[in-house]
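The sequence and structure come first.

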Amino acid sequence: MASTISLSFPSLHPNFQSSRRLSSSKPSSRRVFFGPISASVSEMPPVPVSPVTLPPPEPAELPIRKIPGNYGVPFFGAIKDRVDYFYNQGREEFFKSRVQKYSSTVFRANMPPGPFIAPDSRVVVLLDGKSFPVLFDVTKVEKKDLFTGTYMPSTELTGGYRILSYLDPSEPSHEKLKRLMFFLLKYRREHVIPEFHSSYAELFEGLEQELATNGKAAFGDPSDQAAFNFLTRALYGTNPAESKIGTNGPSLIAKWILFQLSPLLTLGLPKQVEELLIHTFPLPPFLVKSDYQKLYDFFYESSGPVLDEAERLGISRDEACHNLVFATCFNSFGGMKIFFPNVVKLIGRAGVKLHTQLAKEIRSVVKANGGRVTMAAMEQMPLMKSVVYESLRIEPPVPLQYGRAKRDLIIESHDAAFKVKEGEMIFGFQPFATKDPKIFDKPEEFVPDRFVGDGERLLKHVLWSNGPENETPTVGNKQCAGKDFVVLVSRLLVVELFRRYDSFEIEIGTSPLGASVNFTSLKRASF
């Protein structure tokens, strides 16, 4: 969903895109500041150019402070930080302890995976809502090959192509590939809402049967199957159950994604095993080649009109198909796999009062709209919309974002300014930026109506899409191509839940990619 990992989705522009621009942040007495696949771009012949003088660093209003922190002894410092990040402290404490140690939300550290997968693990860490947005400014940072951070998975996992998520907007292929993603959902936009309803009605019927039989029902695997069914039916007009891939799509994708993201994960294995198996050396791509080929063949057979459009844009059918596999399976499916359980978790924890409010709002609007769920109808559900935005703020599906300084920069936090040299890697951990106490009241709490009414002004601080929520993805930026699509399908999930149920109860666990949710009660709609 992400970079995030940046899990970008094809856009529904213009039909699924709000034209509303939102203004400044919350009223307060305190100061408020603020991955499709491409072939390796062929080298252009050298052209003589005049020397270019880069502008000096931008002036700072705040006092300049030396960036605190260090990288430790070469090689060993990176391993120490990796072990702290995964095991000794865990991700949240790794960052929190360093904020406290340095009295700064900007500092130096090593980011995993380190040796021998990443050639250079050194980063400047940004953990507040004011400094973080520099990562979105492609005039200041380069995004080339940074989708997964300090390392890049082998292109053998993506047909030999560098995919859109790894391209900087300055590269010629970026614009063509992003236009293809915009075309994908525009081409079949009228199928999105009905196919979502169909796929998730099947999901909830299955959960009800499982709950009646066993007293609980796991959301994870059935939700993954529903997501894959929905995406392929809505975007490609193909029912996977009627193809060679059958019901194996989610498991094939999970294995393929594991081979790309394993250096950033813990799988619950003994520390020494994980360190050697997935954090020190990359998993060999040939082990997943046959699984990926099955996915590629399925999408190639299903994507005729989209591949025709790719050729019109100057993209080969082969390159375009690898783009579509990545956009649909890694970005879209992966985003739904991570985010949907978190939405259910947050709403489930909030309790019956919120459930009743959502049910009343959603059902009354749908009834007034003749029993139909439409984009216009959902715009009349302010609480439902706010719940989705608040879920994206609390649990952004792509928490890690990177950029490399294009020139010497001065980056400001709320309290100080810091000089970053050209070529330095900049890293942001989004959940800290979107829980910035100098921007949000009760930042750690799930506040369902936070973005209702005047609260909409805070949407510029919701950053999950590799850009502010009140801005729009374009071919010239790296904002998630399907930002509005992600919001749409997340809204549809909440709408489907509360059209069908008055309330529900859950058990919550963990998984390598986020929350694990089991339903223990589903109370069918009574009004």
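## Basis

This is a predicted model, in which local features need pLDDT of at least 70, side-chain atom pairs count only at pLDDT 80 or more, and totals for chains, interfaces and linings use all residues. Residues are numbered from 1 along each chain as its sequence is written, and side-chain values use heavy atoms, without hydrogens and water.

## Overall make-up

The protein contains 15 helices and 10 strands (DSSP runs numbered from the N terminus: H or I of at least four residues, E of at least two). Of its 527 residues, 58% are buried (under 20% relative accessible area, 1.4 Å probe, protein chains only). The accessible surface is about 21,700 Å², with 53% belonging to carbon and sulfur atoms (Shrake-Rupley method, 1.4 Å probe).

## Helix 4 and helix 15

The axes of helix 4 (residues 192-214) and helix 15 (residues 483-500) come within 10 Å and cross at roughly 45 degrees (axes are lines fitted to C-alpha atoms over the stretch in contact; angles run from 0 to 180 degrees between N-to-C directions).

## Helix 8 and helix 10

Helix 8 (residues 289-302) and helix 10 (residues 317-350) have axes that come within 9 Å and cross at roughly 105 degrees. Residues in contact (heavy atoms within 4.5 Å) include Y292 and F299 of helix 8 and C321 and V325 of helix 10.

Technical notes. Buried < 20%, exposed > 50% of the residue type's maximum accessible area, 1.4 Å probe, protein only.
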